Structure formats: C-alpha cells, structure tokens
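Let us take a walk through this structure together, one stop at a time. Keep the picture open beside the text and look up each residue as it comes along.

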Amino acid sequence: MSGRWIEQWDPEDETFWREKGERIAKRNLLFSVLSEHIGFSIWTLWSVMVLFMGPEYGIDPAGKFALIAVATVVGAVIRVPYTFAVARFGGRNWTVFSALLLLLPTTAAYAVMEPGTSYTTFLLVAALTGVGGGNFASSMTNINAFFPLHKKGWALGLNAGGGNIGVPVVQLVGLLVIGVAGAAHPRVVLGVYMPLIILAAVCAALYMDNLAPVKNDTGAAKEAVKDAHTWIMAFLYIGTFGSFIGYSFAFGLVLQTQFGRTPLQAASLTFIGPLLGSLIRPLGGSLADRHGGARITLWTFAAMAAATGVVVYASVIESLAVFLVGFISLFVLSGLGNGSTFKMIPAIFQAKAHASGLAGEEADAYGRRLSGAAIGLIGAIGAIGGLGINLAFRQSFMTAGTGTSAFVAFLLFYGACLTITWAVYLRRPVEIPAKRQLSYSEV
C-alpha cells in the first residue's frame, strides 16, 4: 500500500487551497468519516450483543457489564499507538489497514455468539472490538493535517460527530434485527457489518491519500506529557467523552437490569441518547467559540450534575419516565461538553505561549504543536472514563441490585470536574506581556 503519496501539502497557502487542496481534503474527510463511523459501531458492538444474551447464556448483569468494560478499556488504550500510526504509515494506508482489522472482532463474534460459549471466550472476543476505538484517534490525527487552521474546527467536528453517530446506528441495527428476526439471531447484526467494513477499506484505498510532510513530533509529545494542563484536560474529558461512551455501552443493559425491559423494549430506547449526544457535539464547539470553552464546560458539568440528581431520584422511586428524561439529558450534555473541552485544548496552549512572551505566528505554531500532541493522549485517557462508568455499574448492581450508588458516584465526580474547571481556567486570568488579561476560556 505504498501508492497515493502527496509529497507537498500547504493548506495555509490560499492559492493552493483554493485550486487543489480543498477538493482533496474534503474527499479524504468523507471517507475518513465512513471508516471512523464503522469503527465506533464495532467498538460499541457489545452494547448490542448483551441485549441478545438471555438466561440461556448463563451470564448475570455484572458479567455483562464486565464484557462491555473490557471493550471500553482496550479501545481507550489503543488510541495512543493509533495516534502515531498515521505519520508512520500514511493516513490512507493506515485507514485501509485499521478498517480491515475490524473484520477480526466481527468474525470472531459471529463464530462464538451462541449459548454454551464460555465466558472467558466472550471476554476475549469483546476485547477485540477495542480496535474500533482506536480509529477515532488516527482519523482525527489524519484529518487535522489536511485542513488549514481556520477550517480545522469544522472539519474535526464533522469527523468526530460522524464517527460518534456510529454508536446509535449499530444500536438501531440491533433494534431492527430484534424486531424482525427476534433476540435469538445476533449473528444478523454481525452479517450486516462485514460487507460495510470491506466497503470502507476499499473506498479508503481508492479515494484517500497519504501526506508525506506529516511526521511524528516526539519532542512535542514528551513536552505535552510533562504539562499539567494535558492531565487536567484529560480529567475533564473523562467527564465528557468518558460519560458519552460509558453510558452508550451501558444504557440498554441498565434498562434491562433495573427496569425489566425486554431486549426489544431496551433496544427501542438505547439509540436515542447516543444519537442526540453525537448530533449536538458541533454545537458545543460553536458555543465555546462564542462564549469561551471553559465557561461552556463549567455550565455543562453543572447541568450534568443536576441531570444525575434527576436520575438518582428516578432510580430511588423506580420511575422509568423520569429516568429516561435524566439519562438522555446526560447524553445531550456530554455531547456539548465533548465539543467545548476539545475547543479548550488549543486555546490553553496558545494562552501559555502568550504568557511566556511569544507572539504572532510563533505563538500560533507553539499552540498547534503542543495541542496536536496533547489531543491524542487526552482522547485516550478520556475514553477510559467509559471503563470507570461500566465498572461502577457492575459493582452497584452486584451489591445493591440497582444503579443508584453508581449514579451518586457520578454526581460527585461531575462536582469535582466543575470545581477544577472554575479553579484552573476561570478563577484567574493569565497575564501576558502586552498588558492584556487573556483567560484560557476566551478562545
């Protein structure tokens, strides 16, 4: 896969961008979204498979939460090497390879998805779906290189949103299969995705490109790891994206376990939250552009804490209607927070550049370099939040038979995120040499 290399790429050159670059970049964006979309669907595959696993499988709710937790953690950890793979192998080449790799967990699940399969086998197969989680990191890294600075927000928002929608789509496919064929036919879902995976790989091979100028900046990566803001933003991203992916995995299983919904009833509701959370993500970035990323993030965490309080109340009084209002609100708010926290990252490093005395293009270059390196690590750690959510649910259902204690823990966590956002990014502005106060929340 050595072909289709572009040796020179300068999207900041307006003439190049207008005459040639924009057309190529948009073509690569389109097929990157397709591959990432299917990657998200495969990563969250077991949020659907557990709905097919009735009593004949002999797996209790705690065991099912462990299945989706192992998929979550593998998908989070694998994001780190995927981030660097684009520069090493080329964006087109890696997209083809990473798309074809999705056949491994899909065919493995097709082979074992039946009563009588050992629980250890299910765990191993669920872990394989984590490769779909890595597609987000490589896709974002690749598309980031194609677009000029003033177009990155739009391109990355579309790329991320299109990928995230893969979560409700696989859940809708599961709903359709359960409604038409019944809960005894999980292999139909897998059969739907196998040709789509091949289609994504073929399209990437035919229509995407590698950018020769893209190189891994190990120095920037090391500098980002040492910067406290990288870890602070990773903590906040656990609260936003970690919530989104964790709740996406767990929603249907919570409905089945706590509220006694049938597979069809659960599947008819699970897609709503992830769909709304995906669609609203670009709005979070837009609001951050206008009002400041830290301000939107602060109010998002405040609202998430309030919505969690509603969910705790609904869990105590066992009201499904109230529970759905609170839980779906959490999806919407996590989507908003995904957009606003992602917008904060380049703003923080640009503000640091100004605070250290840099100005103009030098400050912009520093901000791009450090934020680009930090995004991969922040994305990986944020996804681990999904593991924490599913482990909390597992423990809560094991000990109390409900998810109430888990939601109380989430409420306290959102309170901590709110406090950190205010204390670090809103309490005091940053002093820069030009005698102007620049807050991290401004950009």
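You will find Ser-243 in helix H13. Helices (H or I, at least four residues) and strands (E, at least two) are DSSP runs, numbered from the N terminus. Ser-243 is buried, as its relative accessible area is 2%. The word buried stands for under 20% relative accessible area, exposed for over 50%, and partly exposed for what lies in between (1.4 Å probe, protein chains only).

Before going further, please note that this is a predicted model, in which local features need pLDDT of at least 70 and side-chain atom pairs count only at pLDDT 80 or more, while totals for chains, interfaces and linings use all residues. Residues are numbered from 1 along each chain as its sequence is written, and side-chain values use heavy atoms, with hydrogens and water left out.

Gly-134 counts as buried because its relative accessibility is 0%. Gly-134 touches Gly-75, Ile-78, Arg-79 and Tyr-82, again not counting residues up to four places away in sequence. Although Gly-134 and Tyr-82 are 52 residues apart along the chain, their C-alpha atoms are separated by 5.7 Å.

Helix H12 (residues 218-226) shows us two faces. Its buried residues are Ala-220, Ala-221 and Ala-224. They sit on the same side of H12, because they cover an arc of only 100° around the axis; the arc is that of the directions from the helix axis to the C-beta atoms. The face turned away from this buried side carries the exposed residues Thr-218, Lys-222 and Lys-226.

Next come the charged pairs. Side chains of opposite charge can pair when their charged atoms come close. A salt bridge is a side-chain nitrogen of Lys or Arg within 4 Å of a carboxyl oxygen of Asp or Glu, and by this rule the count comes to five salt bridges. One of them joins the side chains of Arg-27 and Asp-209 (3.0 Å, N to O). This pair links distant parts of the chain, 182 residues apart: Arg-27 belongs to helix H1 (residues 14-43), and Asp-209 to the loop between H11 and strand E2 (210-211). Arg-27 is partly exposed at 23% relative accessibility, whereas Asp-209 is buried at 6%. Arg-4, Arg-27 and Asp-209 are linked in a network of salt bridges.

Another salt bridge brings together the side chains of Lys-352 and Asp-227 (2.4 Å, N to O). Here, too, distant parts of the chain are linked, with Lys-352 in helix H17 and Asp-227 in the loop between H12 and H13, 125 residues apart. Lys-352 is partly exposed, with a relative accessible area of 25%, while Asp-227 is buried, with 9%.

Glu-318 lies in the loop between helix H16 (293-317) and helix H17 (320-355), and counts as exposed because its relative accessibility is 66%. Most residues other than glycine have a negative phi. Phi of Glu-318, however, is near 60°, a positive value in a residue other than glycine.

The last stop is Leu-199, in helix H11 (residues 187-207). Leu-199 counts as partly exposed, at 43% relative accessibility.

Conventions. Contact means heavy atoms within 4.5 Å.
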